[in-house]
Amino acid sequence: MSNISILWVDDEIDILKPHILFLEKKGYNVSTCNNGADAVDMCTENNYDILFLDENMPGLSGLQTLTEIKSVRPNLPVVMITKSEEEYIMEEAIGNKIADYLIKPVNPHQILLSLKKNLDNSRLVSEKTTSNYQQEFRKIAMDLAMINSYEEWVDIYKRLVYWELELETITDSGMVEILESQKQEANSLFFKFVKKNYRDWVNTDNGPILSNTLFKKVVLPEVKKSKGTLLVVIDNLRYDQFNILEKTINKYYKKQDEVPYFSILPTATQYARNAIFSGLMPLEMAQKHPEYWKNDTDEGGKNLHEEDFLRAQLDRLRQPLKFSYHKITNLRSGKQLVETFNHLKNNDLTVVVYNFVDMLSHAKTEMEVIKELASDDKAYRSLTNSWFMNSPLLEIIQKAQDLGLKLIITTDHGTINSKFPSKVIGDKNISSNLRYKTGKSLSYEEKEVFAVKNPKEIQLPSIHMTSSFIFAKEDFFFAYPNNYNHFVKYYKNTYQHGGISLEEMIIPCAIFEPK
């Protein structure tokens, strides 16, 4: 503690001698002065760790001193101490970004608490977080051994995400590694659970809400009881990323409900997002709307008919809603929607599909600079949040709040940082995705995939009579034997989707009311 230096400024500093002795006994170095002008000089010449500043002093007032010191030492934590409880003084001090605000008379323990809060906060939080996770680690480990329902998997995954976000702020890398190993174990067990239950989920009503039932079961009931609703589908948004964005959304909206749901397989845009808008499984889409559906090996965009699919679903459900659909794939189209958003105020439903996070994950594969910026999940979350804070999407959400619209935010699937190659062989018409493959004569490592020889069993169309599907488990990605080392080096530690993992399959749908 001896390296912590404090400057205490008060025109009655002699009266505070007992407080200063108390702090010195605790190991703090305390310098003092009795006026604002000297305080500014001392802060200019010395690097203090924290400043205690009396508000009511002759000459330079506390607030004036604060302003001058902040111009010299903008990052110095300042604790304002005052006899006055007047609101304008409090607001002025807070506006100048003070670290704490104490009302006289103060006792030594209040001062000590303020020091702990401002200087020792990260260590104390780190120790407490580590201790709490160690206890929770044991609970999660026990729960993983007994899990047998999709509801329990949602609970486990949300707990793992919570601790991932808590532990990212601490300095103990060992705890983060323990969490990573626990996530790996969870994904291994989750893969076995999906492999066992997925056929039942897509062929009966026994399973969770899936992509194809999300609109009918969750979105439509909310739209029908509201005067207007904004549905935002952010492509490729994981639960941890959503939790970060939610902190900003909460400034404008209050969360009413959260309905985690499961992406269908493959956890890829052309399957999962088309399923959301059509209300159909891919096999049904191919059969009922062959004019809209494209298989993996077909030429052209695979998600060009989401608006048509939605219109067909509303017709099928006999819901004559006034709606508009907007797909945002670049900054220009996002800004255009911001400018014209007020024209949509009479819609029952406004749908916005935002593609940024998907572009970010693909850019991480293609561009070295993005690989550096999003080298791990923590950095990936940070980059997503930075985009959101400065994006037209946030402006659209603010406009929606101004219009009093309900807000529903969801995604089509998540993504996982893929680390381990799994060899696969197929003919030249095999699909290109790294987390699932479909085609004829597939050869693969049995233990590393969920293989479906007859795609119709899981409501998927076949490209050929003998086509099958394979889905990668955990954080594996498929690689071809030819040019294997180059391929593995290029795609290792990139964000991919299409397979089976907690991150890809368990995804958020949250309903907000405007504040």
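Strand β11 (residues 406–410) and strand β21 (residues 509–514) pair in the antiparallel sense over 4 bridges, where two strands are taken to pair if DSSP finds at least two bridges between them. Within this pairing, Leu 407 stands opposite Phe 512 in β21. The structure is a predicted model, in which local features need pLDDT of at least 70 and side-chain atom pairs count only at pLDDT 80 or more, while totals for chains, interfaces and linings use all residues. Residues are numbered from 1 along each chain as its sequence is written, and side-chain values use heavy atoms, with hydrogens and water left out.

The protein chain holds 20 helices and 21 strands; these elements are DSSP runs numbered from the N terminus, helices being runs of H or I with at least four residues and strands runs of E with at least two. Along the principal axes, the C-alpha atoms of the protein chain fill a box of roughly 90 × 50 × 40 Å. Of the 515 residues in the protein chain, 55% are buried, a term that stands for under 20% relative accessible area, whereas exposed stands for over 50% and partly exposed for values in between, computed with a 1.4 Å probe on protein chains only.

The pairing of β11 with β21 belongs to an open sheet of 6 strands, which has the order β7-β21-β11-β6-β10-β9 and mixed pairing. The edge strands of this sheet are β7 (253–258) and β9 (323–328), each of which pairs on one side only. From one strand to the next, the twist averages 20 degrees; for such angles, axes are lines fitted to C-alpha atoms, for helices over the stretch in contact, and the angles run from 0 to 180 degrees between N-to-C directions. In a regular strand the side chains alternate between the two faces of the sheet.

Although β9 is an edge strand, β9 is mostly covered, with 5 of its 6 residues buried. Strand β9 pairs with strand β10 (residues 349–354) in the parallel sense over 6 bridges, and His 326 stands opposite Val 352 in β10. Together with helix α14 (residues 331–340), β9 and β10 make a right-handed β-α-β unit; a crossover is right-handed if, with the strands pointing away from the viewer, the path from the first strand over the helix to the second runs clockwise.

Helix α18 (residues 392–402) has as its buried residues Pro 392, Leu 393, Leu 394, Ile 396, Ile 397, Ala 400 and Gln 401. Just after α18, Gly 404 takes a positive phi of about 75 degrees.

Several details of the backbone were also examined. Most residues other than glycine have a negative phi, and most peptide bonds are trans. A cis peptide bond joins Lys 104 and Pro 105, with omega about -5 degrees, and Pro 105 is found in the loop between β5 (100–103) and α5 (108–119). Another cis peptide bond joins Leu 265 and Pro 266, where omega is about -10 degrees; Pro 266 is located in the loop between β8 (261–262) and α11 (269–278).

A positive phi, near 55 degrees, is found at Ser 441, a residue other than glycine, which is placed in the loop between β14 (436–439) and β15 (443–444). Ser 441 counts as exposed because its relative accessibility is 62%. Gln 459, also not a glycine, has a positive phi of about 65 degrees and is found in the loop between β16 (449–452) and β17. Gln 459 counts as buried because its relative accessible area is 17%. In strand β17 (residues 468–472) lies Phe 469, which is buried, with a relative accessible area of 1%. The C-alpha atoms of Phe 469 and Ala 268 are separated by 13 Å, although the two residues are 201 residues apart along the chain.

The second largest pocket has a volume of about 470 Å³. A pocket is an open set of points on a 1 Å grid over the protein atoms alone, where a 1.4 Å probe fits, with protein on both sides within 12 Å along at least five of seven lines, and lining residues have an atom within 4 Å of a point. The second largest pocket is lined by 23 residues, of which Glu 164, Glu 180, Lys 183, Asp 377 and Lys 419 lie nearest its centre. The largest share of this lining, 8 residues, comes from α8. The lining residues divide into 5 nonpolar, 4 polar and 14 charged, where Asp, Glu, Lys and Arg count as charged, Ala, Val, Leu, Ile, Met, Phe, Trp, Tyr, Cys and Pro as nonpolar, and the others, Gly among them, as polar.

Technical notes
Grid points are joined across faces, edges and corners, and a volume is the space filled by probe spheres set on the points.
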